[in-house]
Amino acid sequence: MPTIFVDDRAIEAKTGDNLLEVLLSNGIDVPYFCWHPAMGSVGACRQCAVVGYANPDDTRGRIIMSCMTPVTEGARFSVEAENATSFRNSVVENLMLNHPHDCPVCEEGGECHLQDMTVMVGHSDRRYKGLKTTFRNQYLGPLIGHEMNRCITCYRCVRYYQDYAGGDDLAAFGSRDRVFFGRAEPGVLDNEFSGNLVEVCPTGVFTDKTLSKHYSRKWDLQSAPTVCQACSLGCNTYTSERYGEVRRVHNRYHNEVNGYFLCDRGRFGAQHVNSPKRIPGAGIRNAGGLYEPVSIADALDKVKGLLTGKVIGIGSPRASLESNEALRQLVGADNYCNGMTSTEREMHGVILEVLASNLSVPTMMEVETFDAILVVGEDVTNHAPRLALSIRQAVRNIGQQLAADTGISQWHDAAVRELEQDEKSPLVILSPMTDRLDDIASDTHRLAPNDIVSMVEQIIEAIDEDKPSDAKDIASTLLAAKRPLIISGTSLSSPNILKVSANLAAALARKNPSTGIFLCASEVNSVGVAMIDNTGNAEELLGNRSETVIVLENDIDTRLGSALLDEVRNLVVIDAMDNPTTSRSSIVLPAASFAEAEGTFVNNEGRAQRSMATFNPAGDITPGYQLLSALGGDHLSASGWQQKLTAEHASLAGVVTCAPDEQFRIEGSRIARMTHRASGRTAMLADVSVHEPQQPLDTESPLAFTMEGNQTRAPASLRPYTWSPGWNSNQSIHKFQDEVGGPDKSGTTGTRLFTGSTELTGFELSEEASANLIGQVHIFGSDELSNEAAELSTLIPQPYARMSSATAASLEVSHHDGLAFGDIIMTVLVDDEVAERCVVYPMIPGTEALGSAQLSELQKVAGYTSPSDPLRPSLITTDRTS
Amino acid sequence: MDMILKAIWSQLVTLFEVLRHTFTKADTVEYPEEMPYLAPRYRGRIVLTRDPDGEERCVACNLCAVVCPVDCIALQKTEDDHGRWYPEFFRINFSRCIMCGMCEEACPTYAIQLTPDFEMCEYDRQNMVYEKEHLLISGQGKYHGYSFYNVSGKSIEDKDKGEARNEAPPVDVRSLLP
């Protein structure tokens, strides 16, 4: 640890850090633009200038860029030297020459890094009287807005989009002062991680269009720490609300899970909370088949009357642990099932066994440190999107190794990339169709699900044997690596794929103990509900005909088939959103969405994480566990259920400790969800009544639905937003980190529930029918909830049937023909990257029936006109011209 | 002795001053029969003004709301088809307003202005809640000639990129000329 001297103050620096990181880690404010903690330094903006001194006798020093300066023992710097401060001031003055004077109408205003840095350097007057350069904007799709005039050419957007996220449709164009960041032509941004541009851009060039539709300044948003509901990875998010609507989702830094970035499904999908399909109140179906709105108390009384005799409870992998446990306790353990299909239960059983085994299960951030990756039948980018971003960093390990060997610091981004050129660590993908990660893969194999299983079996054999084959090549790649990683998941709905991946990881681990295995689960709480109970079988429970069935936040019709509930006399559905199951229920109870209820969710790596309610739901909407508590008569709070979970399930002991309970206080204060500068308190509701109501009380958590309380000293698991004096943008996160890019000062949030000690014996593969019709998960379209987010619903593709030319010939169809199964009509796309004898269809609303179809049942549609590009939705391709 | 004389002199001057004021014209007026003169800068009822083209000046930036010490301003941004921001609703709860004028100082577009009208009493407090329709006037108020969009780089209907004050025409990004 070198000691450096900054303005004569001795500072312990971390070896290998650059000066800017050291300064920020030690609470010294230095303005910067182009440096990003996850993307390193390029020294493009010249903003982080400080004075460096050559030796103890040097009194003049010279201006250096702190982000490009490695720290060495005894080095002396000055941040406050007059020439450094005036240099930084003049850099901002120059950057502001062309800035368009439109902060009042900019979505970034109030949380703008450029605003913060301008205030920090003290620049206030524009002396230059010349003309400002202007640009025309582009249409970049329904998610991202573009306002190029605000650009300060820091290059962060293209460095993020191209270098970090692997996108190829956003670039820097033009020359001299005409540099333009955008697409070659207007159109929807293609990358699944484009939403991060909003946070990466230090000013308002890329803004959140979905937020702009119902805009609020950051200071007006009521926020809470939440867990993303869009997939099983459990990324940490801030969900923000104003006027009873979820307005936006921002990344919540977690040093082991999501780091600094989110995927677009997570960022924009949470707007499903505002869907017109939300169930506003309780309803009882009358004799005429119509729902009569009733008060929640009446509905609960009615349900209580039905609770005599045997009641079946069907839980849900998208409901919290608390709600599932409340249901389980209400109906009794024997009458509860977790609401997954038998295949899903089998797959998650495998994941649980792997988590409990001594195989090493890395966190998502650790995935970036593995130097050879085999992806077994998992469509990472569409099914567990954030992981794809980590894989993209992992393949750079070879370059980083090269840099380390050459003595180049890892943060020296441009130099490291120059050195690595196109060298990539091995990434082998076994999948039935093209994968979004193909561009960085060293080897891809297009195989039907069953062939993937046999391929992996061959790899396991080849690890020991020495016979040249494809499998041998993959095996030797994995064996040659210092840290090989096997990634698999549930996207092909094949338990064998998970089993064989675990077997392979076990076989490799015997040779190399650093082997890792990362299995993606299906939904936000799939692993959690499998831990509560993975044996209860919905088909079996409902087969013993039951009078009353309570369904908790689960669309049984779509998941398990509509026939299952036909015999049920009293169907009680607790859900937040209308779906086929709710619309056939006898009684419907309005559940709170994730943004309105506290809940604990277990992600795919077995980490229990608490998600807090962002706002108090309107009217009778109530968190699921509270409805079920009321039915059971025990009226437990969220922490009451967390205690029960711990008492009932030894494996869930960490649920209580993963976040403080509602008694937690900071010097007697709760943690305020609103900022200290939230506005409109005495006018927001004045149109209803001028007499201001009391702020809603939060009995469930230590957070408060007010601006009164402590904000900045909350631990990470309870911090409702990131803000620090002078740092209004999300860049303020470094104020809360132990060191730049490190864990939070309050520790890493969430509790990993598995210690992993049991020896994995190896899974017996079961007999699986060879699937020829393969459902492809889509990042936009395959998630029940995010499909209801207004903007994402416009990005859902149209039904297609992708197949190789040989398969197309055998089905006697050609490109852009129509192919039908029942009333589902798909456009044929001939694509030789699809495994032989396989037809790939999108798993989107309306194509569920194809899950049980056979190839022979598909019929050609006569006289079919194909949409021009079925993978792209029929979007209006421009909004405004300028 | 000197002090006593000074004190007596002071008393006499005071008596004289009081006597003199008996014959001067009164500053108080017989309100409401007679209306007092209030300077334009007087801080009374708040209005929303329009720019010289008759468009709403308010761009819903929320600065007035955030600066308001009693939090009595609430508004919601919306935008027209051409990207011009304006408030979907704009509400001032005058029963809370302390007429401090901070909103006017914070306003970057001269939209919100305080006027010399203070006669706002109501029997029912609910009537003190003013919506946009009550606040928006037809004219420019105290500050004439200013139009925010003419100096800001955001394009709106009838004002393209490069047409604001001090702006060069939009660049041709495909040009490679030096």
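Which side chain does the side chain of Arg136(A) meet in a salt bridge? The partner is Asp160(B), at 2.9 Å from N to O; a salt bridge is a side-chain nitrogen of Lys or Arg within 4 Å of a carboxyl oxygen of Asp or Glu.

This is a predicted model, in which local features need pLDDT of at least 70 and side-chain atom pairs count only at pLDDT 80 or more, while totals for chains, interfaces and linings use all residues. Residues are numbered from 1 along each chain as its sequence is written, chains are lettered from A and ligands numbered from 1 in the order in which they are written, and side-chain values use heavy atoms, with hydrogens and water left out.

**The interface of chain A and chain B**

- In chain A, 54 residues are in contact with 54 residues of chain B, contact being heavy atoms within 4.5 Å.
- The two chains bury about 4200 Å² between them, 49% of it on carbon and sulfur atoms; buried area is the accessible area (1.4 Å probe) that two parts lose on being put together, summed over both.
- Six salt bridges are counted between chain A and chain B.
- Strand S6 (residues 132-134) of chain A gives the most to the side of chain A that touches chain B, with three residues; strands (E, at least two residues) and helices (H or I, at least four) are DSSP runs, numbered from the N terminus.
- S6(A) pairs in the parallel sense with strand S6 (residues 167-170) of chain B, over two bridges; two strands pair if DSSP finds at least two bridges between them.
- Lys132(A) has Glu167(B) as its bridge partner in S6(B).

**A sheet in chain A**

- Seven strands form an open sheet with mixed pairing, in the order S15-S14-S25-S24-S23-S16-S17.
- Strand S15 (291-293) and strand S17 (336-337) of chain A stand at the edges, each with a single partner strand, so one side of each has no neighbour in the sheet.
- S15(A) runs antiparallel to strand S14 (residues 283-285) of chain A, joined to S14(A) by three bridges.
- Within this pair, Arg285(A) has Tyr291(A) in S15(A) as its bridge partner.

**Salt bridges in the whole structure**

- Over all chains, a search finds 54 salt bridges.
- One joins the side chains of Arg183(A) and Asp169(A), at 2.4 Å from N to O.
- Arg183(A) lies in the loop between strand S9 (180-182) and helix H5 (196-200) of chain A, and Asp169(A) in the loop between helix H4 (156-164) and strand S8 (171-173) of chain A, 14 residues apart.
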